[in-house]
Amino acid sequence: MKTLIEYLNKYENTAQSELMRFATDADVEALHQLRVSLKKIKAIYRCLQEVGLHKKAQKQYKKFLKPFFADAGVLRQLQLHNLYLHYHYYNNLIQSSKSIKQLPGLIIMFQQQAKVLSKELSRTVKYLLHYSADVKQEQVFEFAVLLKESMYAKAPQISSDGWHEFRKQIKQLIYTYQWLDKKHQLRLLPVSQLQKLDVLQEVIGKWHDAQDMRQWLIHEEFFLHSDPLVKQEFSKAWKLTEKQLGTAEKKLQALLSQITTEKRATLNKNN
């Protein structure tokens, strides 16, 4: 499938460029864009997997791309925690954090692996490109339809425990939509519906960031610190994440309700 090949090449070029940029100056945005590109490559892998990806390509993905994505994720997560504390001037938390002290060393280790990672990324994408050539537009469309139906079936009863995975499913659908031609895009989803799903996944992302920050604050055990200033900042950070979670949850529930209602109305109209 020509479109799939074009997107794979585009995603790899961006990933390679951002990897080298991060290896040079440890740019925070470079790591973020690297992970976005890896997510898109991962999305194509999942699509290919559904239409019969060869075991050799699956093995290469699991051997390299999966751990590469995980390592970049750990580093990105720690960078976000660091940025969050700096943004809110929680200087005492910064000084007493065990993991933030490890951040410079982790960055150097990742940078030192850049050339090897670049080579393995090219090798992995080469496998995916080979199998993408035989994929038909209709196969990708059928994968997208099943994805959409599964997603809408889950929406009415999904709990907060499943929101993060639900977001991944939405993003997979949005990426898959981009690989389709106009005719199949129109058959799959109206643009307005796609835009609402994109807003929903963004809100889930904000909710997840706040949830992740709370878990990290607990993990760092700031509340057990002997310094009262550290405990004071921990209390402020905890209350802020509580507020952010509450705001995101309200928006999220409202959007889920709206999307579910609209879907039911569409089904009733068609029946």
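## Overall fold

Helices (H or I, at least four residues) and strands (E, at least two) are DSSP runs, numbered from the N terminus. This is a predicted model: local features need pLDDT of at least 70, side-chain atom pairs count only at pLDDT 80 or more, and totals for chains, interfaces and linings use all residues. Residues are numbered from 1 along each chain as its sequence is written, and side-chain values use heavy atoms, with hydrogens and water left out.

The protein has 11 helices and zero strands. From the N terminus on, its elements run α-α-α-α-α-α-α-α-α-α-α. The C-alpha trace spans about 60 × 50 × 25 Å along its principal axes.

## Burial, contacts and surface

Of the 271 residues in the protein, 45% are buried. Buried means under 20% relative accessible area, exposed over 50%, and partly exposed in between (1.4 Å probe, protein chains only). Contact means heavy atoms within 4.5 Å. Among contacts with a separation of 6 or more, 79% join residues 24 or more positions apart.

The protein exposes about 15000 Å². Carbon and sulfur atoms supply 53% of that area. Accessible areas come from the Shrake-Rupley method with a 1.4 Å probe; for residues, only the protein chains shown count as cover.

## Charge

There are 42 positive and 27 negative side chains. The centres of the two sets lie 3 Å apart. Lys and Arg count as positive and Asp and Glu as negative; His and the chain ends are not counted. Each charge is placed at NZ of Lys, CZ of Arg, CG of Asp or CD of Glu.

## Helix α5

Helix α5 covers residues 98-112. Its 15 residues should span 21 Å at 1.5 Å a residue, and its end C-alpha atoms are 23 Å apart, which agrees. The expected span is 1.5 Å times one less than the number of residues.

A kink of about 35 degrees is centred on P104 in α5. The bend at a residue is the angle between axes fitted to the seven residues ending there and the seven starting there. The buried residues of α5 include S99, I100, L103, I107 and F110.

T241 lies in helix α11 (residues 228-270). T241 is buried, with a relative accessible area of 0%. Leaving aside neighbours within four places in sequence, T241 is in contact with Y84, A210, M213, R214 and L217.

H184 lies in helix α9 (residues 182-188). H184 counts as buried because its relative accessibility is 4%. Beyond its neighbours within four places in sequence, H184 is in contact with Q137, E138 and F141.
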